[in-house]
Amino acid sequence: MINQLSIIIPAYNCAEVITKTLDSIIASVNFFQQNYPQSAQIKSEIIVVNDASTDNTLDTLNQLVSNNYPLKIITHNTNKGAGAARNTGVNNSQGEILFFCDGDDLFLPHHVYICFMLLNHQPQPDKNVYLKLKINENNYTIPLPQKPIDAIKTGVRIKDKIHPGWRTPIENSLTINTCVRRKCHEFIGGFPEDEVYKKIRGGEDCSYYKYLFKFFKIGTINLETVEYVRYPGNSFDKQLEKYQFAPGEYQENLSPEEVSWFTEVGKLEQKKLAQLVGKSKELVTIQQKWQQDYQADCQSKGYQFTQDWFSLNIPLWEQVFKQFAHQPNLNFLEIGSWEGRSTCWLLDNILTHESAKITCIDTFEGSVEHKSWYEQGYIESLEGRFDHNIAQTKVPEKVKKLVGYSQEILRNLPTNTYNFIYIDGSHLAPDVLEDAALSWRLLKKGGIIIFDDYNVTFSQNPTESAKLGIDAFTAAFRDKIKLIHKGHQVVIQKAIS
């Protein structure tokens, strides 16, 4: 789940047009806030980087701030170029997804909303989902991605006449129609800042897109969501003559020095791509080593786990619980323990203080998705494996095991007791909803609930998936919770007030 977005604007000598650009961005953010149901839980920020402008750009920006424009202004003391300005903006931002808009271009009202919806969508296997939108009396139906994507490229409105062969190259090279996950930007190291890009007056956006396209899944839609604007003397204006000819037909009179600059850019791109290939292989190796280390740790402690549906969640749990690790008097409630893999991890890494405790609820009989496992004798030995694994933690006294149906047991537990509740029992929507509702009074203010298997359908009837129950609960309690994460697992926090 995306919780924050950032819009980065490099600004250089655009005092006459920057207000119009910012008005379009603010209108797009407002459109998002008015149309996205949970927009109140999504933070947005607009960061303008004044790249040592020599006109009144900075004065104009300061005046806008004094007029309550929601901006953060950063200034370069020397002109570093658009790529470096964008990187400065990103380095001073918090957003999980990044938008870029040059100081003389425009967002259309629906740009932020559409990009957010496409990147925030959680695909479900074999299920087509569509975003329906009305823009200027026209109705649009946009298919949401069937697999997770890392960035979006949208259509670009161009009012000036250009040869149709240039539309795709222009859309591929611009950043104004690009929305990207922060992790992708950080992986490729941001926009190139080599001096040669200043000499050729741009091109860093083209290189940036090449790196994105090489290593990440890019979604595209043809709907125009931004406008590439021509003003006298800007980059578009200087290239307008070229855009009247088909790509390759216009003969630019490049000097030998300019030819050498473009050759240098090509060499830099090849070098960078080689570095990123090595980096991607290194990341895979790190992930494999992490899995190997985790499995080796389990083996060294004598745990007897036969299934692993939990370890993929460890990075998220480390992030959620890092501020609570080793603290006294923590009280954890787990609904659905299976062999105790998550229980053991908590005892080993989070509930380490002698006063910390965990209550585990399970029938140890499996659920509807485990019918075939009875024939294999797996289920009848399940509780014994749980008991063995808890004993191997060396702190079994911290664990309270309650055998039975959660919908019955939860009614008898003390209210306002637990700091954390993990709901991973039955995955049928009615059971998940009832578990959540009964757990609510047991959770302390500021406490955290984690739901598992949000995007998994166990039943042949998709309406019986956990997702339906989770969505129903979060919708009913939306004014009383803070959404921390939404992915394979959903993490919410109970409001303090």
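This is a predicted model: local features need pLDDT of at least 70, side-chain atom pairs count only at pLDDT 80 or more; totals for chains, interfaces and linings use all residues.
Task: Decide whether F364 is buried, partly exposed or exposed.

Solution: Buried means under 20% relative accessible area, exposed over 50%, and partly exposed in between, with a 1.4 Å probe and protein chains only. F364 has 5% relative accessibility, so F364 counts as buried.

Residues are numbered from 1 along each chain as its sequence is written, and side-chain values use heavy atoms, leaving out hydrogens and water.

**Exercise 1: pairs of rings**

Task: Find how many aromatic pairs there are, then classify the pair F364 and F386.

Solution: Start with the rule: rings of Phe, Tyr and Trp (its six-membered ring) pair if their centres lie within 6.5 Å; planes under 30 degrees apart count as stacked, over 60 as edge-to-face and the rest as tilted. By this rule the count is 31 aromatic pairs. For F364 and F386, the centres are 5.2 Å apart and the planes stand at 50°, so the pair is tilted.

Helices (H or I, at least four residues) and strands (E, at least two) are DSSP runs, numbered from the N terminus. F364 lies in the loop between strand 12 (357-362) and helix 13 (382-392), while F386 is in helix 13, so this pair, 22 residues apart, links distant parts of the chain.

**Exercise 2: a second pair**

Task: Describe how F451 and F473 are arranged.

Solution: Their centres are 6.0 Å apart with 55° between the planes, a tilted pair. F451 belongs to strand 15 (residues 443-451) and F473 to helix 16 (residues 466-476). F451, at 1% relative accessibility, counts as buried, and F473, at 1%, counts as buried as well.

**Exercise 3: charges over rings**

Task: Which ring lies under the charged end of R86, and which under K494?

Solution: The rule asks for NZ of Lys or CZ of Arg within 6 Å of the ring centre and within 35 degrees of the ring normal. R86 sits over F191, 4.9 Å from the ring centre. K494 lies over the face of W440, at 4.7 Å from the centre.
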